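Please take a moment with the sequence and the model before reading on.

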Amino acid sequence: MMTQDELKQLVAKAAVQEILTLLPPQSLIGMGTGSTVNFLIDELHAHASYFEGVVSSSDTTTQRLQDRGFKVLDANQVKSLPLYIDGADEIDPHGNMIKGGGGALTREKIVASLADQFICICDATKLVSVLGLFPLPVEVIPMASAQIKRFLESIGGHVELRKAKSDLNQNFVTDNQAWILDVKGLTIDKPLALETQLNQLPGVICNGIFAVQSADTLLVPLNDNVQTIHFRTDKNN
Ligand code: 5RP
């Protein structure tokens, strides 16, 4: 039986083949954030010069890319990307996801929105029939956090302000100098509607539902083989 890290490495190796098949040399690519993506960056290292540049979704990913010889471009330098690749905290049968467990949701969504297609890479523990068991991250402007928390509670959420891993007396602060509310207890059976509704709240920078920017393709190890799942383009949200 493979460990979760071995499965992440397996899917990362498959993702390298997929990327090199899909993209001609000197392409741009968008890169997500997280432990699965870290494996991907390491596996892609030998091909760093294959890419004209990489648009990164976090300071952590930028550092790892630069350490391995990739040219990192600012999102403002590109008009579009042929491909964005990232992990997920949950993914449903339509390719809708919860993301932001690592706190990078806003930049992830920005880079994903520049891309023609989104490939999600994850292990099978992330597959769900309905989103919501994983706490939904909502990135907020600090002065609006109490107001937004009250709204999230009014729709049935149990809300916790995320704390820094290194010091639980400090709030977690995102790359955008904002806070994250983690919301448990939501059954997200209409992800597009909830994503849109939360985006309307003053002070919400971004929420971790990726239904507008849902995955087009999923690479996931099942029975130790990586399966490729293409979601329908007329996805049912
Ligand atoms: C970070 C994310 C990650 O994609 C998500 O948390 C999955 O991470 P991992 O690959 O470590 O399981 O959204 O903000």
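The sections below cover the model, its domains and its ligand.

## About the model

This is a predicted model, in which local features need pLDDT of at least 70 and side-chain atom pairs count only at pLDDT 80 or more, while totals for chains, interfaces and linings use all residues. Residues are numbered from 1 along each chain as its sequence is written, and side-chain values use heavy atoms, with hydrogens and water left out.

## Two domains

The chain is divided into domain 1 (4–127 + 212–230) and domain 2 (136–207), with bounds that come from an automatic or database domain assignment. The centres of the two domains, taken over C-alpha atoms, are 24 Å apart. Where they meet, 15 residues of domain 1 are in contact with 16 residues of domain 2, contact meaning heavy atoms within 4.5 Å.

## Around the ligand

There are 17 residues around the ligand, and those that come nearest are S35, T36, D89, G100 and K126; a residue is near if one of its heavy atoms lies within 4 Å of the molecule. By class, this shell has 2 nonpolar, 9 polar and 6 charged residues, where Asp, Glu, Lys and Arg count as charged, Ala, Val, Leu, Ile, Met, Phe, Trp, Tyr, Cys and Pro as nonpolar, and the others, Gly among them, as polar.

An oxygen atom of the ligand is 2.7 Å from a polar backbone atom of G100, and for a polar backbone atom of A104 the distance to a ligand oxygen is 3.1 Å. The protein covers 91% of the 380 Å² of accessible area that the ligand has on its own, areas being computed by the Shrake-Rupley method with a 1.4 Å probe.

Note on methods: Polar contact = N/O pair within 3.5 Å; in protein donor to acceptor, adjacent residues only side chain to side chain.
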